[in-house]
Amino acid sequence: MALRFEVLGRFNRARAARLTLPHFVSQTPLFMPVGTQGTIKGLTTNQLEEIGCQIILGNTYHLALRPTSELIDELGGLHKFMNWPRAMLTDSGGFQMVSLLHLADITEKGVTFQSPVDGKPMLLTPEESIQIQNRIGADIIMALDDVVKTTITGPRIEEAMYRTLRWIDRCIAAHKKPNEQNLFGIVQGGLDPVLRDICVRGLVERNLPGYAIGGLAGGEDKDSFWRVVAQCTALLPEDKPRYVMGVGYPLDIVVCSALGADLYDCVYPTRTARFGTALVPEGVLKLKHKAMAEDTRPIDPTCSCMVCKNYTRAYIHCLVTKDAMGSQLLSYHNLHYMLQLSRDLHSSIIEERFPDFVRGFLQKMVNAECECSRKERDS
Amino acid sequence: MNWPRAMLTDSGGFQMVSLLHLADITEKGVTFQSPVDGKPMLLTPEESIQIQNRIGADIIMALDDVVKTTITGPRIEEAMYRTLRWIDRCIAAHKKPNEQNLFGIVQGGLDPVLRDICVRGLVERNLPGYAIGGLAGGEDKDSFWRVVAQCTALLPEDKPRYVMGVGYPLDIVVCSALGADLYDCVYPTRTARFGTALVPEGVLKLKHKAMAEDTRPIDPTCSCMVCKNYTRAYIHCLVTKDAMGSQLLSYHNLHYMLQLSRDLHSSIIEERFPDFVRGFLQKMFPEGDVP
């Protein structure tokens, strides 16, 4: 184990913690920006530090293809390669199974992809995934899991859950650097509470440094989503970090944090920036809209980021319709928003004003769902 | 745009040359076909200055009748004389002479007689500064430098000279040696978007396979944020597929150009300009094959 997880404050199931990793000491709840191929689109590493980014996510599948994990290893690991001094997490390549399924064939051995580079068949086994991640050198590495969309029903879900448990043992066996890199297991089981229960217990038996809740954020309805998160956080050990993969929308992060989760990742903030959309306390602001053309206010008057301190909506509107700079400024603002949200969650829990913070957050958001308020109060 | 330092706007004249198939030049002005809705737009000297007055830049450019240096014949002479007639219209239309500096632009193609007439005509108007226009359009280097040398010899000593559309680092060094002061060009940022970095030796093509495992910075002698933080191998990895690569290269290339500017300024002040130029040329042409 190469991490320390100390809970510093609680409100019901929500917790604020200090997560000490080999490269950095971070505070949870925490959003981790996604830097798929060795870079967060549009931001330099200096800017990432500026906005308070603590852990970034690298995508094993894409990095293995280009520039290859062997090269990254040779050059001293991904931290050094992309000049990121803080913490890093790599996923296993498993999610690409779901998203590139028409190219993939899943068997007990592993996942066969058709390489997008040269069309050759590539086999990603648990052993291979861990080996690649060992070379990349991230602080947290993810087990290769058999992940299926939550919108699927039938025996495939059960098969995938049990396979995930069999694969975790192969991942553990293949992991060459347990004192430098933390292998997280991923809970699968679709929306079925029985399967989820079996999976959690199976993973907890292996006494891993941390656990992720996987297979969600894929189109299931919100009630099912929160129910699964609530169930898993209730069963997973208190003293280890919980990572809800692929989440997400600010509201979902607030709710999952109320339910006891700690870590999150999603492409949403940066991707929506590239479509001209900014994240604001009220929800979203669409900078391409004509109404923005003469609006001299900053994106968010309450935001202290470099973009809101220096540029008007009118200026960004002018850019987003035709210059990459628009997307960049919006990416910067959106990631700042997510990290500010993380800091606010952390400090409001520690300062014993979490319910007030959540109420204030929900109030500002136009589309606050009553369901969600109830869930939050329930928790 | 939240830029607290100085700004210069051009007149729109250059677009005449680059979008000529859509443009019709008469004594009145230039008729464009608007790329937005296809309607005819007329850019007159008055309109150009009015627009520039609104934009508010520190330096504004006269609308000139600019032709490519690769063209020959009476069109060049027509354009030069029209430029002189238009400067008076620009001066008359300029509403903010105490806040914005109107520069005249010397035209006349590669013809020294025409260039001479144009310089004298503009100098008579006693403008705050002068530009040498119509170059950097495909003419051979010898012709280019000859025109710059002639203009800088004729233009007043006590006013800034701006060589428009220049350019390559070598051209800037040479034009500075000939007495020019200001330059502009899309080259450093455009070439960055093609994966090319500016270095003392010339250029470095980051897309090249050889860069994939090169752990040196783009330029070990460069002190910019990019060279201090990233390796060639990393940037190579980016340029082939992520906009971030172009960004980092743009940053470095512009730093290179501004460092060159600082070096030219300080080497002249510190009375070591010839040494600087020799050193610059040596690094770029180690075998002495300076054009």
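1. A word on conventions. This is a predicted model, in which local features need pLDDT of at least 70 and side-chain atom pairs count only at pLDDT 80 or more, while totals for chains, interfaces and linings use all residues. Residues are numbered from 1 along each chain as its sequence is written, chains are lettered from A and ligands numbered from 1 in the order in which they are written, and side-chain values use heavy atoms, leaving out hydrogens and water.

2. Chain B contains 11 helices and 11 strands (DSSP runs, H or I of at least four residues for helices and E of at least two for strands, numbered from the N terminus). Its radius of gyration, taken over C-alpha atoms, is 21 Å, close to the 19 Å from the globule rule for 291 residues, so chain B is as compact as a globular protein of that length. The rule is 2.2 Å times the number of residues to the power 0.38.

3. In chain B, 49% of the 291 residues are buried (under 20% relative accessible area, with a 1.4 Å probe and protein chains only). Of the contacts in chain B with a separation of 6 or more, 60% join residues 24 or more positions apart; contact means heavy atoms within 4.5 Å.

4. Now to chain A, where A:Thr20 belongs to strand S2 (residues 14–20). A:Thr20 counts as buried because its relative accessibility is 19%. Leaving aside residues up to four places away in sequence, A:Thr20 touches A:Ala2, A:Leu3, A:Arg4, A:Glu6 and A:Val25.

Terms used
Buried < 20%, exposed > 50% of the residue type's maximum accessible area, 1.4 Å probe, protein only.
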